[in-house]
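Please look through the sequence and the structure below, and then follow the report on how some of the parts meet one another.

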Amino acid sequence: MDFAAQFSAYIERVERGIDALVPSADTRPARLHEAMRYSLQAGGKRLRPVLVLATADLFGRRHNALPAAIALECVHTYSLVHDDLPCMDNDDLRRGRATAHKQFDEATALLAGDALLTLAFQLIGHHYAAAPALAAALSRDLADAAGSARLIGGQMEDLLAEKKSDATPAELDFIHLNKTAAMIAAALVAGGLCGGATEADLGRLRETGRSLGLAFQIIDDILDATADTATLGKTAGKDARAGKTTYVKLHGLAAARRHAAAQSDAALASLATLPGDSGFLAALVRSMAERTR
Ligand code: GRG
């Protein structure tokens with residue numbers, strides 16, 4: 001199967017998984033479950049759940065990785081819903097649709113985000129109950145990636161950095177590593193855990209996620225500066241308007257592109273140290289380096 005066909009097959013599994021594993025829209029209270037599904041089913045690139053599934057396949061898929069993949073997408077989507085709220089980034093558009101608080105209201109968006117975060121851990125607890133060591137490792141790793149020192153900590157420092165126009169490269173690295181790379185690394189590790197990867201390979205997956213995450217965020221900054229809102233499905237040009245410190249602002253577009261390419265190459269190099277055929281994951285890294293949204 002070529003990359004595009006394999007990618008579509010993974011995306012289809014993710015979409016079916018979301019439909020099957022997230023409470024139906026008529027579950028009481030319907031408004032809350034509608035809002036959770038609205039944000040999850042708006043599309044998105046599905047990078048994190050596809051990373052979980054493809055990495056589990058690389059290691060032989062010892063356990064069904066789909067619930068873990070949907071758990072990762074739930075945490076990611078909650079972070080987007082909360083990031084869009086008026087008290088944070090205050091955005092009206094996400095994944096080509098009205099943001100959750102615009103479509104519903106602020107309180108519903110806040111609760112839908114809370115519920116998505118909680119659902120992630122429900123999915124892990126329920127679906128891996130027969131493999132308690134795996135359930136514990138998945139929960140621990142996801143909680144670490146999403147917690148106050150990583151995803152939420154990165155978001156906190158990002159908000160603090162917005163209030164000053166002179167954030168340093170080291171501060172920017174902290175933000176990128178925690179706000180973006182932590183969840184990407186967690187996706188690779190969750191796939192490795194479901195596939196039965198060794199500790200050494202889990203370390204290699206973490207290393208891959210760090211580099212892929214940095215590349216992904218630099219490209220996000222480049223796209224914010226160069227692409228249009230319709231293509232991105234979210235408001236473009238926000239960083240420059242807010243005077244935000246980004247790779248593009250600190251180093252210029254050409255250097256930002258070189259940094260992104262170097263990080264993608266580093267991700268490919270660490271992928272190459274893994275056992276088995278990592279061709280699909282390598283093609284995914286390359287497609288993320290070339291993405292236009
Ligand atoms: C509110 C705890 C909390 C965290 C918010 C995700 C986030 C942190 C902020 C959104 C803004 C941003 C640029 C985050 C960096 C990570 C990132 C590039 C997220 C967007 O991921 P994509 O492009 O989104 O994979 P889709 O919609 O395709 O899933």
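Ser264, Ala267, Leu268 and Leu271 in helix H14 meet Leu281, Ala282, Val285, Arg286 and Ala289 in helix H15, where contact means heavy atoms within 4.5 Å. By class, this contact has 7 nonpolar, 1 polar and 1 charged residues; Ala, Val, Leu, Ile, Met, Phe, Trp, Tyr, Cys and Pro count as nonpolar, Asp, Glu, Lys and Arg as charged, and the others, Gly among them, as polar.

This is a predicted model, in which local features need pLDDT of at least 70 and side-chain atom pairs count only at pLDDT 80 or more, while totals for chains, interfaces and linings use all residues. Residues are numbered from 1 along each chain as its sequence is written, and side-chain values use heavy atoms, with hydrogens and water left out.

Helices (H or I, at least four residues) are DSSP runs, numbered from the N terminus. The axes of H14 (residues 253-271) and H15 (residues 279-289) come within 10 Å and cross at roughly 175°; axes are lines fitted to C-alpha atoms over the stretch in contact, and angles run from 0 to 180 degrees between N-to-C directions. H14 and H15 are therefore roughly antiparallel to each other, a term for angles over 145 degrees.

| Side chain | Distance to a ligand oxygen atom |
|---|---|
| Lysine 45 | 2.6 Å |
| Histidine 76 | 2.8 Å |
| Arginine 95 | 2.8 Å |

Taken alone the ligand exposes 700 Å², and the protein buries 93% of that, with accessible areas coming from the Shrake-Rupley method with a 1.4 Å probe.

Key: Helix = DSSP H or I, 4+ residues; strand = E, 2+ residues; numbered from the N terminus. Parallel < 35°, antiparallel > 145°, perpendicular 65-115°, else oblique. Polar contact = N/O pair within 3.5 Å; in protein donor to acceptor, adjacent residues only side chain to side chain.
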